Amino acid sequence: MDERVASAISHWGPRFTANGVTAGDFARVTSGVESWEQWCSAWTEKGAEHEALGRAALDEGRHRSAGEHLAQAAVYHHFAKFVFVDDLEQMRAAHRRAVDCLTDALPHLDPPGRRVEVPFEDTRLVGVLRLPHGDGPHPVVVMLPGLDSTKEELRTTEQGFLDRGLATLAVDGPGQGEAEYDLPIRGDWAPVAEALWTALGDLPEIDRDRLGVWGVSLGGYYAPRVAAALGERVAACVALAGPFNFGECWGGLPQLTRDTFRVRSGAATDDEARQVALGLGMESVAADVVAPLLIVFGRQDRLIPWQHAVRLRDAVSGPVELLMLEQGNHGCADLAPWHRPRTADWLAARLTGAPAPTISTDDTTDDTTDISTDPLTTKAG
């Protein structure tokens, strides 16, 4: 097994299984991959097996099963391409299969979904809109993936929001998913925020005055950037494992991550990519975040040091709570039950008035500190 394969397995194994890959499939695929050049094709082959199950279910009229199989196949094809930037043609083919599988699954999911295209500059951003059961207009959570994640990977997280009466709009932003071929990664998300705000206003099923924003990894940077840009128009924001300044993390990032950022930012060299990454920072806008903010972070994050969460907590102007998972990895994918339901409850409380979960339990502290009684969490800073 070469170094890049070992790195992918070490850094992202829990993420795969938390987001739809079965533990058995993960073991079977990764045990057969010895070189990085085999990665994309190995995951595509396994994804094709799940896709075949979905196509057969469609032919037999078993639509619910078809939706489940095809949505799972989309995740496998996504992980075939997620950081596979050595062979862009092969990567793009796997990506197309991920998009097609999820698109075909959407009408058959519970609840169903549909593609939404958001005009942006000279192109468009593509999202997946899903509405909870019941009459609208519904509060909505805009979901922002990270550097190597896309809307196809977010279904398991979406479900927690949908089950609590929140609509979801998972969007590929500049440098992500369907937009990564036309739009490079950018640090300034104010134009993206305004485009999303306008698009939400055109959806009669959505009450954009009850808007939440959630992001993971680099999306955990984009989410507070959106909150900073929209100000009081955002009712709540969640930043999961986001950097305060991405470029400051450069030296500790896996080579696969650095290569992926270089390609998706349009940089020519590693050093040029680092300079672009330094432009992805909250320093100048953090004080503009006035919406209630929940920061979720893992103390054992090997990509983004946990101190970035504390810097964000201390820099924003609005009420902020920090859930630090002592044993959490990057994105806390290894401890999903300890933060996903709590995050969904936190957003539902602010967007629907549902009961709020306990994040901070120290009555002597103000709303910018946090202590959890959970044995896997500690106060940060």
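The exercises below treat helices of this model.

The model is predicted, with local features requiring pLDDT of at least 70 and side-chain atom pairs pLDDT 80 or more, while totals for chains, interfaces and linings use all residues. Residues are numbered from 1 along each chain as its sequence is written, and side-chain values use heavy atoms, without hydrogens and water.

**Exercise 1.** Compare the span of H5 with the expected one.

Solution. Helices are DSSP runs of H or I with at least four residues, numbered from the N terminus. H5 covers residues 88-105, which is 18 residues. The expected span is 1.5 Å times one less than the number of residues, giving 26 Å for H5. From first to last C-alpha, H5 reaches 26 Å, close to that expectation.

**Exercise 2.** Determine how the buried residues of H5 are arranged about its axis.

Solution. Buried means under 20% relative accessible area (1.4 Å probe, protein chains only). In H5 these residues are Met91, Ala94, His95, Ala98, Val99, Cys101, Leu102 and Ala105. Viewed down the axis, they fall within an arc of 165° (directions from the axis to the C-beta atoms), so they line one face of H5. Their cover includes H3, H4, S1, S2 and H9.

**Exercise 3.** Classify the packing of H4 and H5.

Solution. The axes, lines fitted to C-alpha atoms over the stretch in contact (heavy atoms within 4.5 Å), come within 8 Å and cross at roughly 160°. Angles over 145 degrees count as roughly antiparallel, and H4 and H5 are therefore roughly antiparallel. Residues that meet include Leu70 and Ala74 in H4, and Ala98 and Cys101 in H5.

Methods. Helices (H or I, at least four residues) and strands (E, at least two) are DSSP runs, numbered from the N terminus. Buried means under 20% relative accessible area, exposed over 50%, partly exposed in between (1.4 Å probe, protein chains only). Axes are lines fitted to C-alpha atoms, for helices over the stretch in contact, and angles run from 0 to 180 degrees between N-to-C directions. Angles under 35 degrees count as roughly parallel, over 145 as roughly antiparallel, 65 to 115 as roughly perpendicular and the rest as oblique.
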